[in-house]
Amino acid sequence: MTAQGTPVLSLHGISKHFGAVSALTDIELDVHAGEVVALVGDNGAGKSTLVKILAGVHAPSAGRIAFQGREVTLPDPAAALSLGIATVFQDLALCENLDVVANIFLGRELSPYALDEVAMEIKAWTLLQELSARIPSLRETVASLSGGQRQTVAIARSLLLEPKLILLDEPTAALGVAQTAEVLDLIERVRDRGLGVLMISHNMEDVRAVADRIVVLRLGRNNGIFYPDASNHELVSAITGAGENAVSRRAARRSTRDSSLGETA
Amino acid sequence: MGDAKLVDRADERLKSAAGIGGAILAFLDRVRSGDLGSLPVIIGLIIICSVFQSLNTVFLSPSNIVNLLYDSSTIGVISLGIVCILMVGEIDLSVGSVSGFASALLGVLWVNTGIPVFLAIIAAILAGAVIGLFYAFLFNRFGMPSFVSTLAGLLAVLGLQLYLLGESGSINLPYGSPLVNLGQSLFVPPALAYLLGALAGLALFWRSWRTAARRRNANLSAQSLHILVGRAIVITVVLEAAVFYLNRGRGVPLMLVVFLALVVLLDYALTRTQWGRAVKAVGGNREAARRAGINVRRIYTSAFVLCAVFAAIGGVLSSARLASASQQAGTGDVNLDAIAAAVIGGTSLFGGRGNAYSALLGIIVIQAISSGLTLLDLSSSLRYMITGAVLAIAVIVDSLARRSRVSHGRA
């Protein structure tokens with residue numbers, strides 16, 4: 001799928017240093033409306049750092065961010081949220097001492113001077129039902145929920161604001177089989193509503209299933225853009241930086257063993 | 001019951017808790033998992049009252065209770081501020097000094113300078129707000145731990161108080177003035193007190209009934225009318241009985257009503273406004289609150305300022321109670337009493353957990369112990385030891401309950 005027009009999000013030369021360490025160097029990235037871009041890379045490639053910059057958690061050391069064609073700065077999370085960038089963090093950033101409804105509406109409660117708990121609870125149920133979520137009670141504190149349930153709450157929260165761009169940091173990492181499928185469906189639904197989606201994942205199957213483009217980061221730099229029809233071998237080489245690596249060696253070992261088994265049979 | 005159709009009761013894993021029996025079971029379940037609420041403090045209060053009553057029958061007499069509640073009102077207001085600051089997981093150790101400083105400022109401005117009393121009160125409260133702002137600046141700008149900055153503030157503000165009072169060391173507030181009357185002899189007319197009690201019960205019922213009706217319309221589970229009526233009746237009866245008992249003594253002190261009004265106000269702010277939600281979120285998980293777009297610094301600032309403002313109001317009330325502004329005001333055990341009251345009442349030292357009513361319950365416990373020991377004519381050395389032990393027990397209960405909540409998934 002090719003998307004036209006100005007990208008929702010466009011990054012130019014984004015760098016981020018933590019002391020002497022360059023977590024990101026000269027990152028270029030475009031996300032269009034109605035497009036799912038997957039951000040893949042090995043551990044320490046800088047994926048989460050990039051997401052945190054876009055969410056306003058970290059400030060970039062250098063580079064330009066354009067949102068819907070206008071250059072913007074993201075000094076804090078509130079700025080990112082008000083532009084329409086919603087983020088689901090890997091460390092889920094929920095308040096364990098608050099209940100599900102309070103967490104979903106945190107920072108944007110209905111009628112601030114006389115909280116409308118009933119309306120918030122109804123809206124929370126609607127959102128969670130759209131996600132086919134299985135959460136028994138919204139009036140229990142988040143501390144009592146499982147990892148997958150918390151993920152669902154976090155995603156529900158990101159959708160509340162009707163954002164233009166959703167950042168998902170490992171959305172399926174903590175989820176079971178059915179819930180993973182639900183989240184992938186959800187990502188497609190979000191894309192079909194015309195939102196841009198940037199998702200980080202280690203799971204190549206998930207990435208291939210929903211992504212329109214796959215952007216590879218390696219050691220904090222761009223290392224190629226692929227499409228879902230790219231072979232696993234190509235992707236893994238880009239991620240690890242060489243044709244010869246632990247993954248390919250392993251694959252080679254298995255194929256020789258399979259073929260030798262085939263000969264003896 | 002048709003429960004299966006309710007939106008929030010649809011999941012088969014939910015244990016259904018319908019009716020009065022169900023409500024009691026759910027309550028026991030909560031307590032067992034460490035969500036103790038006000039239970040320990042109420043049990044503690046009953047034990048304390050029975051012990052002191054058996055040692056000295058004056059203890060539960062109406063006149064002693066009236067005095068006890070009078071004294072509770074001043075430090076109780078300071079303790080409300082402690083609730084605010086503990087909710088965000090910080091502490092203010094200087095509330096005693098701030099209250100003493102506020103009373104000194106009131107005395108100097110009103111009695112020595114002749115400024116109208118209400119302006120002097122406003123000035124004292126504003127001075128408290130400025131001190132709170134300064135703590136918030138130190139905390140937000142330099143990341144200075146609040147227990148250090150406020151410990152420094154304890155000394156510095158005490159110095160200011162002594163400086164203001166100067167050579168004389170004490171300023172007498174004029175007897176017969178409205179402020180001193182409020183602190184010593186103003187009581188709510190009996191009929192009005194009964195009416196207020198009834199109105200409180202009615203308001204409670206009306207609010208919960210409206211919520212229940214809206215929930216039922218939205219196809220959510222709602223409490224049954226029986227429970228709502230029952231609870232409203234119990235609370236009204238308790239309030240009216242208290243009013244009846246106090247009226248057999250001197251009556252319901254107006255200052256107590258001021259304190260209770262502040263408690264209700266703070267409770268509303270903490271539970272029913274966006275600000276209160278943000279305060280809890282910051283106390284529970286600061287980073288999560290920040291990522292949700294909450295201006296965390298502003299929340300900390302509001303908590304520090306509110307704490308110092310409540311301390312200043314408490315200082316004004318206690319100077320009215322004593323009819324003087326002296327060097328001793330706000331010193332001694334005021335600090336610890338105010339902090340202990342909030343913790344004993346069930347506000348957690350770890351942040352994110354607590355309510356305004358904990359200040360009310362906790363200060364009554366502290367004052368009951370203090371009054372009982374005074375009646376027994378025990379020395380202040382023993383009083384300090386016993387109050388210290390009670391505070392230690394309260395913190396232990398808080399820590400144990402927290403651990404239990406974590407293991408029961410209720411942290």
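Let me start with a quick one: is Ser15(A) buried or exposed? Ser15(A) counts as buried, because its relative accessibility is 7%, and buried here means under 20% relative accessible area, exposed means over 50%, and partly exposed is in between, with a 1.4 Å probe and protein chains only.

Before I go on, the housekeeping. This is a predicted model, so local features need pLDDT of at least 70 and side-chain atom pairs count only at pLDDT 80 or more, while totals for chains, interfaces and linings use all residues. Residues are numbered from 1 along each chain as its sequence is written, chains are lettered from A and ligands numbered from 1 in the order in which they are written, and side-chain values use heavy atoms, with hydrogens and water left out.

Back to Ser15(A). You'll find Ser15(A) in strand 1 of chain A, residues 9–18; helices (H or I, at least four residues) and strands (E, at least two) are DSSP runs, numbered from the N terminus. Leaving out residues up to four places away in sequence, Ser15(A) touches Leu24(A), Thr25(A), Asp26(A), Pro60(A), Ser61(A) and Ala62(A), where contact means heavy atoms within 4.5 Å.

Now the cores. A nonpolar core is a set of buried Ala, Val, Leu, Ile, Met, Phe, Trp, Tyr and Cys residues joined through side-chain atoms within 4.5 Å. The largest one has 108 residues, and Leu80(B), Ile82(B), Phe259(B), Val282(B) and Ile294(B) have the most contacts inside it. Take Ile82(B): not counting residues up to four places away in sequence, Ile82(B) touches Asp92(B), Val95(B), Cys307(B), Ala338(B), Ile339(B) and Ala342(B). There's also a second, separate core of 50 residues, and that one includes Val36(A), Trp125(A), Leu131(A) and Met199(A). As a general point, nonpolar side chains in soluble globular proteins tend to be buried together.

So what about nonpolar side chains on the surface? Which residues form the nonpolar patch there? They're Trp206(B), Trp209(B), Leu225(B), Val229(B), Ile233(B) and Val237(B), and together they have about 580 Å² of accessible area. Patches are made of residues with over 30% relative accessible area and no salt bridge, joining like charges within 9 Å and nonpolar side chains (Val, Leu, Ile, Met, Phe, Trp, Tyr) within 5 Å; the areas come from the Shrake-Rupley method with a 1.4 Å probe, and for residues only the protein chains shown count as cover. Helix 8 (190–217) and helix 9 (225–248) of chain B are the elements that give two or more residues to the patch, and helix 9 of chain B has the largest share, four residues.

After helix 8 comes Asn219(B), with a positive phi near 65°.

Helix 15 of chain B (residues 357–375) is mostly covered, with 15 of its 19 residues buried. Asp377(B), which follows helix 15, also has a positive phi, near 65°.

Last topic, salt bridges, meaning a side-chain nitrogen of Lys or Arg within 4 Å of a carboxyl oxygen of Asp or Glu. How many are there over all chains? The count comes to 14. One of them pairs Glu35(A) with Arg213(A), at 2.7 Å, N to O. Glu35(A) lies in the loop between strand 2 (21–31) and strand 3 (36–40) of chain A and Arg213(A) in strand 9 (residues 213–218) of chain A, so the pair ties together parts that are 178 residues apart in sequence. Glu35(A) is buried at 3%, and Arg213(A) is buried at 11%.

Then there's Glu117(A) with Arg277(B), whose closest N and O atoms are 2.6 Å apart. Because Glu117(A) lies in helix 4 of chain A and Arg277(B) in helix 11 (residues 274–284) of chain B, this pair joins two chains. Finally, salt bridges that share partners join Asp99(A), Glu117(A), Glu121(A), Arg139(A), Arg215(B) and Arg277(B) into one network.
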